Structure formats: structure tokens, C-alpha cells
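Visitor: I am new to this structure and would like to learn how to read it. Could we take it feature by feature?

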Amino acid sequence: MGHHAGDQLLLGASQRLRETVRELETVARLGGDEFVVILESVRHVEQVTEIVTKLLQTLEMPFVLNGQEAFVAGIAIYPLDDTDIDNLVKNADTAMFRAKEQGGNTYQYFKAEMNAKAVQRLKMENALHYALERNEFELHYQPRIDLNSGAIRGMEAVLRWHSPQLGSISPVQFIPLLEETGMIVPVGD
């Protein structure tokens, strides 16, 4: 939706977060689209549950940007998801990425299996950078056959990738990565 809409989203999210927590709590933007809420005055788990519920409710309400509704959130909870602040933020970021993968307008709690998927994606993305120069792609032509007559009605070109490190990878997995990284043009050429 553009940078202006992104700025509107960041301002709206920070305002909602500030209005939801007490004055003595900390709301900080880490960078990009990441915010952290530090609840220092909490004495009981019930208080955390109450505050998190309010935060989720305020973020569940969609933001209207350029006439469109949007919201995305990733959630990681200390000490449940980690005790190290860097890992906790990384886990929340992983959950947010998962929410974005699902098309946005949602939120996700962090789950340990998300890290495995993120690590696999990173490995695939790194391997893709060398796949073209190492000639790891193969182009296959498949006939399109009319099932009634058995006649060939056309051809379809399908790109296959066999990575020495990762094995054979489905185009459904690597084509979106090629598009996201901008490598689709040199591979297409």
C-alpha cells in the first residue's frame, strides 16, 4: 500500500498500544514493523493475561489504510517462548512473518515449529543464490494431452531444481522465493 500507508499503520499501532497499557509500562518500536511492550509492574500472571487480552483486542481491530483494512501481529511471551530478549524478539518476528505468509489481516502466536520452517526457508534462499551459476535448474517440457482424443494440445515448460544440499525442490516452494528475492528475472532469462 506504499510508504505513507506503512507510516500510518506504525503511528496507529503505537497509539493503540500506548492507550492500552498503563503509563508506567514501556511501549517501544524496535524498527520496521516491530513493537515491544514491557510490563514491569505486573505482580501476578492473571495481570499479564488481562493486559495481553486487551493488547490483542486492540490489535485485532483492523487499521484502515487507504480505504483498506489491515492488521498483522506476531506474539511471543516471556518466559514461555524464551528467556533471552533477542530470541524472544526473533520468535515474535517469526510469528509475525507467519501471519504475513497467511495473507495478513491476522495474528499468530509463536510456536517452536515455526523456527524450523524459518531455518528451512533461509537455507533454501541461500542455496537459490548459487543455483543458477551452478546449473542446478533443469527445464522440462510436458505435453498437454486431450484425455478424450489422446491428441497433444500443447506443451508446458516446468522448471525443476535439484540442489546438492537440499535435494529436489518443488517449483511451488522455490518459485515464490525467486519472485520475492528478484531472482526470477535472471532465472527466467
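Visitor: How many aromatic pairs does the structure hold?

Guide: This is a predicted model, and the structure holds three aromatic pairs. One of them joins Phe-137 and Trp-161, with 6.0 Å from centre to centre and 40° between the planes, and this pair is tilted.

Visitor: Where in the chain do Phe-137 and Trp-161 lie?

Guide: Phe-137 is in strand S7 (residues 137-145) and Trp-161 is in strand S8. They are 24 residues apart, so the pair links distant parts of the chain.

Visitor: Why is the pair of Phe-137 and Phe-174 called tilted?

Guide: The angle between ring planes decides the label: under 30 degrees is stacked, over 60 is edge-to-face, and the rest is tilted. The planes of Phe-137 and Phe-174 meet at 40°, so this pair is tilted; the ring centres are 5.8 Å apart. Phe-137, Trp-161 and Phe-174 form one aromatic cluster.

Visitor: Are Phe-137 and Trp-161 buried or exposed?

Guide: Buried means under 20% relative accessible area. Phe-137 has 14% relative accessibility and therefore counts as buried. Trp-161, at 2%, counts as buried too. Phe-174 is also buried.

Visitor: Which residues touch the most other members of the largest nonpolar core?

Guide: That core has 13 residues, and the ones that touch the most other members are Met-124, Leu-128, Phe-137, Trp-161, Phe-174 and Leu-178. Helix H4 (112-131), strand S8 (152-163) and H5 each supply at least two residues of the core. The largest share, four residues, comes from H4. Apart from this core lies another, of five residues, including Leu-17, Val-21, Val-42 and Leu-55.

Visitor: Which residues of helix H5 are buried?

Guide: In H5 (residues 171-181), the buried residues are Pro-171, Phe-174, Leu-177 and Leu-178. Seen down the helix axis, they fall within an arc of 140°, so they line one face of H5. On the other side, Val-172, Glu-179 and Glu-180 are exposed. After H5 comes Gly-182, with a positive phi near 85°.

Visitor: What does Phe-174 touch?

Guide: Leaving out residues up to four places away in sequence, Phe-174 touches Met-124, Leu-128, Phe-137, Leu-159, Arg-160, Trp-161 and Ile-169.

Visitor: Let us turn to charges. How many salt bridges does a search of the whole structure find?

Guide: Side chains of opposite charge can pair when their charged atoms come close. The search finds two salt bridges. In one, Glu-25 pairs with Arg-22, and the closest N and O atoms are 3.8 Å apart. Glu-25 is buried, with a relative accessible area of 8%, whereas Arg-22, at 35%, counts as partly exposed. In the other, Arg-153 pairs with Asp-146, and the closest N and O atoms are 3.5 Å apart. Arg-153 is exposed, with a relative accessible area of 59%, and Asp-146 is partly exposed at 23%.

Note on methods
Residues are numbered from 1 along each chain as its sequence is written. This is a predicted model: local features need pLDDT of at least 70, side-chain atom pairs count only at pLDDT 80 or more; totals for chains, interfaces and linings use all residues. Side-chain values use heavy atoms; hydrogens and water are left out. Buried means under 20% relative accessible area, exposed over 50%, partly exposed in between (1.4 Å probe, protein chains only). The arc is that of the directions from the helix axis to the C-beta atoms. A nonpolar core is a set of buried Ala, Val, Leu, Ile, Met, Phe, Trp, Tyr and Cys residues joined through side-chain atoms within 4.5 Å. Contact means heavy atoms within 4.5 Å. Rings of Phe, Tyr and Trp (its six-membered ring) pair if their centres lie within 6.5 Å; planes under 30 degrees apart count as stacked, over 60 as edge-to-face and the rest as tilted. A salt bridge is a side-chain nitrogen of Lys or Arg within 4 Å of a carboxyl oxygen of Asp or Glu.
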